[in-house]
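Please examine the following sequence and structure. The report below describes how the copies are arranged and how selected parts pack.

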Number of protein chains: 2
Amino acid sequence: MTAIRPFEEADWPAVWAVLEPVFRAGDTYPYSPDLSEAEARRLWIDQPEATFVALDAAGRVLGTFYLKPNQPGLGDHVCNCGYVTAAEARGRGVARAMCADSQAIARARGYRAMQFNFVVASNEGAVALWRKLGFEIVGTVPEVFRHPRLGFVDAHVMHKKLAAD
Amino acid sequence: MTAIRPFEEADWPAVWAVLEPVFRAGDTYPYSPDLSEAEARRLWIDQPEATFVALDAAGRVLGTFYLKPNQPGLGDHVCNCGYVTAAEARGRGVARAMCADSQAIARARGYRAMQFNFVVASNEGAVALWRKLGFEIVGTVPEVFRHPRLGFVDAHVMHKKLAAD
């Protein structure tokens with residue numbers, strides 16, 4: 001690690017190679033495990049306001065995240081991000097770097113806070129990391145996620161204020 | 001009141017007449033107060049799984065609600081609804097009837113729970129009604145709504161289990 005820069009068109013095959021195994025595993029994101037590459041592209045690239053990639057020194061994609069308003073209109077001062085780290089790059093601080101960078105980007109774009117709507121409770125590494133990075137669990141919704149091995153699992157709503165005022 | 005039946009194409013002008021003043025007021029839903037009729041139609045009719053209307057004996061539209069999965073794929077066993085009552089029909093139990101009906105419809109469609117993601121805290125009538133109807137506040141997100149008079153206001157995440165098991 002690591003440079004983090006905006007997604008470019010030529011990144012898609014490498015980004016999809018990072019996303020696909022995570023979505024297929026179906027234990028962290030609610031997307032259907034058999035979603036198509038086109039649908040993934042729509043969700044990760046087309047719908048969000050912006051998408052970014054984290055690269056190693058050789059230019060390989062180690063992770064990716066998107067940034068978007070969490071609500072339209074009167075809620076669009078709060079953003080939402082989603083992060084995925086390549087399986088082979090876990091434990092190297094990629095998610096931490098992406099989350100820190102996303103907060104700086106969100107602040108620069110004028111967002112006042114960041115909200116995660118669906119942090120699967122059994123994804124304990126993510127929950128612990130977001131807490132370390134200043135996010136609070138502001139709610140827990142019971143049994144909203146169908147985990148492939150654990151069955152119905154809770155998900156947390158997590159929030160961090162970004163604006164000083 | 002009241003029959004509740006699925007939205008039909010010819011209902012749109014009456015439905016829009018119910019929705020428009022509520023969205024323009026901007027004190028309950030996060031949609032931009034200047035959203036267009038086409039955008040409202042996309043949000044209320046096209047995107048949801050189903051939309052319904054509540055009618056009085058003369059066939060006038062007193063209210064409307066939509067039903068949709070709250071998440072894709074692995075979260076699609078939980079539904080989300082949004083309700084709007086015509087200004088002139090407030091206090092006549094229309095919202096209560098719509099919410100009760102929506103729960104029955106959701107159960108019949110196999111949903112295990114219903115979740116509201118963004119119940120504006122200052123909308124105390126709605127919060128009280130949903131609680132009476134069995135919804136619990138499972139989280140409160142600080143200052144996520146820009147209220148036209150009150151400034152930044154919290155929103156609640158509310159949840160009700162529908163399935164017996």
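The same surface serves both copies, since 100% of the contact residues of chain B recur in chain A.

The model is predicted: local features need pLDDT of at least 70, side-chain atom pairs count only at pLDDT 80 or more, and totals for chains, interfaces and linings use all residues. Residues are numbered from 1 along each chain as its sequence is written, while chains are lettered from A and ligands numbered from 1 in the order in which they are written.

**The contact between the chains**

Chain B contributes 24 residues to the contact and chain A contributes 25 residues, where two residues are in contact if their C-beta atoms, placed from the backbone, lie within 7 Å. On the side of chain B that touches chain A, β5 (113-120), β6 (136-147) and β7 (151-161) each supply at least two residues. β6(B) gives the most, with eight residues. Helices (H or I, at least four residues) and strands (E, at least two) are DSSP runs, numbered from the N terminus.

The table gives the classes of residues in two contacts. Ala, Val, Leu, Ile, Met, Phe, Trp, Tyr, Cys and Pro count as nonpolar, Asp, Glu, Lys and Arg as charged, and the others, Gly among them, as polar.

| Contact | Nonpolar | Polar | Charged |
|---|---|---|---|
| Side of chain B that touches chain A | 13 residues | 10 residues | one residue |

**Two helices of chain B**

The axes of helix α1 (residues 12-25) and helix α2 (residues 37-46) of chain B come within 11 Å and cross at roughly 100°. α1(B) and α2(B) are therefore roughly perpendicular to each other, a term for angles of 65 to 115 degrees. The contact is made by B:W12, B:W16, B:L19 and B:F23 of α1(B) and by B:E37, B:A40, B:R41 and B:W44 of α2(B).

**A residue of chain A**

A:F52 lies in strand β2 (residues 50-55) of chain A. A:F52 is buried, with 22 other C-beta atoms within 10 Å; a residue is buried if 20 or more lie within that distance of its own C-beta atom. Leaving aside neighbours within four places in sequence, A:F52 is in contact with A:I4, A:R5, A:P6, A:F7, A:T64 and A:F65.

Technical notes:
Axes are lines fitted to C-alpha atoms, for helices over the stretch in contact, and angles run from 0 to 180 degrees between N-to-C directions. Angles under 35 degrees count as roughly parallel, over 145 as roughly antiparallel, 65 to 115 as roughly perpendicular and the rest as oblique. A residue is buried if 20 or more other C-beta atoms lie within 10 Å of its own, exposed if 12 or fewer, and partly exposed in between; C-beta atoms are placed from the backbone.
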